[in-house]
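Here is a short report on one protein model. Look at the sequence and the 3D view before reading on.

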Amino acid sequence: MSVVGHINELQIINPFVGKAIHTLNLPDQRGHGIDSMVWDESRQRLYLSVDGSILAWNPAIPKQFTTLVDVEGASTVYELRLDSNGNLWGGTHPLGASFHYNVTSKKLRVFDRVAKDTDYIRRLALDGRGRVWMGTGSRNPRLFTFEAKQPGTVREINLPVDVAHGFIGSINPIGHYLAVTVSSVSEQLILDTRTMKWRDPVTRIWASREISKASSGRFFSITSGHLHSTSLQGMADSQIGKVEASGVLCIIPQDGHILIVSTTSDGVLCETFDLSLHRVRVARKIRLAASAIKIQSLLGHSDGNIYIGGYKANGIAALNPETGVRWNSGDDERVINQIEGMVEYNQDKTYIGSYGSADLVLMETSQNNADRKYDRIARLLTEYSQSRPFGWAANASSVFFGTVPEYGVSGGVLGKIDPATDTVSWILDGDGKGFIEGHSIIGLAADESHLYGTTSLRNGYGVDDTKGQAKVFKMHIASRKIVWAVSPISSAQALYSPAIIGGWLAVADLQGVALLDLESGALKKRHVVNNVKNTSYRPGWLSADMRATPDGQKMVHTAAGEVTVIDYVSGTTHSVVSTRRQDRFGTRMTVGADGQVYGTLNQTALVQFALTPELA
């Protein structure tokens, strides 16, 4: 069981005794979590893909992980699969290719990119008859296949429906058929692998898109709290009985019963469904060990809380630095996914940008936490192909948002929310090319008449970065006309965290802080605070951050693991340091109601920064 959100943890559970056997930490240098796992019964090994590498875990040596191979050129390895010879197959990003790894000879073979328009092979399946099936994504998701013995002869199979952007969500071989799911398509698409033609889709949605392996001529799935059996011949469907599972992880046929594993708020639920009795015979809830979650976003609020959004997490949490009281939105909250950005309009209303479908969510921040309401007021994915609402700002009458586009799309949008009605007043998308063509809108600041923003040349995943330099713009709110748009730092392909400070517009890049004239956009002063080069890094969406203290006398800048305090009164700077050399600061910061600046350390810890240097 890999714990989503915690980047370096694996928990091994025994579903029949109802407890975790091992809680294991991956090597520290592995930074982005476990993407897939497969168990080799004959060798008694668990294989894991972590970043661009394949690791092995031996239960006889439970505290040790062994790196089998690094897949050169891959930042992510997806969908490990084990063939009948005990060898590994998988997909990659950004190679857009599959690979084969011979566990005995330790030889790796990476095949050619399947298509020029994709960097992703996110889904891969072996059909038991010697064929490898691959699912692409970002732009024009579709299938590719080849014989395992002839990987150079690749066949392309387009979907029976038009899907411009998104991903193949799952590939499940079932007899002579292939069940395929894809972004924004609710049905399961069914391919007859003998004729390579699509047949009628299955309209009953399989929960979590999970099905079991074939057993005795049928496979199992769950819909609306009921276990179903489907025949491999003709796809005849029958409902068997009720189950409790909601977030289904896996369905495992066993002798006379079905083991169903699903998620709960603090662990997993293991249900043993008796096929002869048509009901669940045993249900065990297993609590996982408590884990830290990577911090994705922060908001200092006037109610004294620091609100926290988690990486790949649902809901929202809060910590009051003065009282130490902690809070989270609870299991009943079903609206908020990974939070990319937040803004406080007033003490009663906070707006949240939720990743995935670019959902704009209103959180009613009343003093009574139990009574809080969460309302999705807009979803920008369907009409505008947007994914991540990163930029947020508010003035006395309005709230503004800026976005990063969906996978396979270039150009973010700019929009306005009316807090009086909690509706979107307008959205500017540049006729589908982006408010600033080919730029993501990642930072916003507002006064009563104008809106200021910063951009990144990084598009949705799967699209090359736009050429040029990042921009800072000023827009007249009433007329929605751009007053000026400039590129003040020629080396910067992303600019972050605009803020109106002391009559200037401050913006951050990886190297420091720039001050611009509010009227003309002219660069007036630049503070370079580190040895980082903008050109050494790909443009990001939040690779740097900057926050000013409430009195405007100090600014705090963070990038590349370093935090610097700029003191405008003394004309000095100092670095915020940790007592441990291996510690690294993150790029999420906020200012609390107490005027202190808060940030992240080692991705999972919330810290308060020292704004005055320690005396030697």
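Which residues have the most contacts inside the largest nonpolar core?

## About the model

This is a predicted model: local features need pLDDT of at least 70, side-chain atom pairs count only at pLDDT 80 or more, and totals for chains, interfaces and linings use all residues. Residues are numbered from 1 along each chain as its sequence is written, and side-chain values use heavy atoms, with hydrogens and water left out.

## The nonpolar cores

A nonpolar core is a set of buried Ala, Val, Leu, Ile, Met, Phe, Trp, Tyr and Cys residues joined through side-chain atoms within 4.5 Å. Buried means under 20% relative accessible area (1.4 Å probe, protein chains only). The largest core has 20 residues, and Tyr-496, Ile-501, Ala-506, Val-513, Met-546 and Met-555 have the most contacts inside it. Strands β43, β44, β45, β47 and β48 each supply at least two of its residues. The largest share, three residues, comes from β47. Strands are DSSP runs of E, at least two residues, numbered from the N terminus.

Take Val-513. Leaving aside neighbours within four places in sequence, its contacts (heavy atoms within 4.5 Å) include Ala-506, Lys-525, Met-546 and Tyr-568. A second, separate core has 15 residues, among them Trp-133 and Val-180.

## A three-stranded sheet

An open sheet has the order β20-β21-β22, with antiparallel pairing. Two strands pair if DSSP finds at least two bridges between them. β20 (218-223) and β22 (237-242) are at the edges with a single partner strand each, so one side of each lacks a neighbour in the sheet.

Six bridges join β20 to β21 (residues 226-231). Thr-223 stands opposite His-226 in β21.

Notes
Helices (H or I, at least four residues) and strands (E, at least two) are DSSP runs, numbered from the N terminus. Buried means under 20% relative accessible area, exposed over 50%, partly exposed in between (1.4 Å probe, protein chains only).
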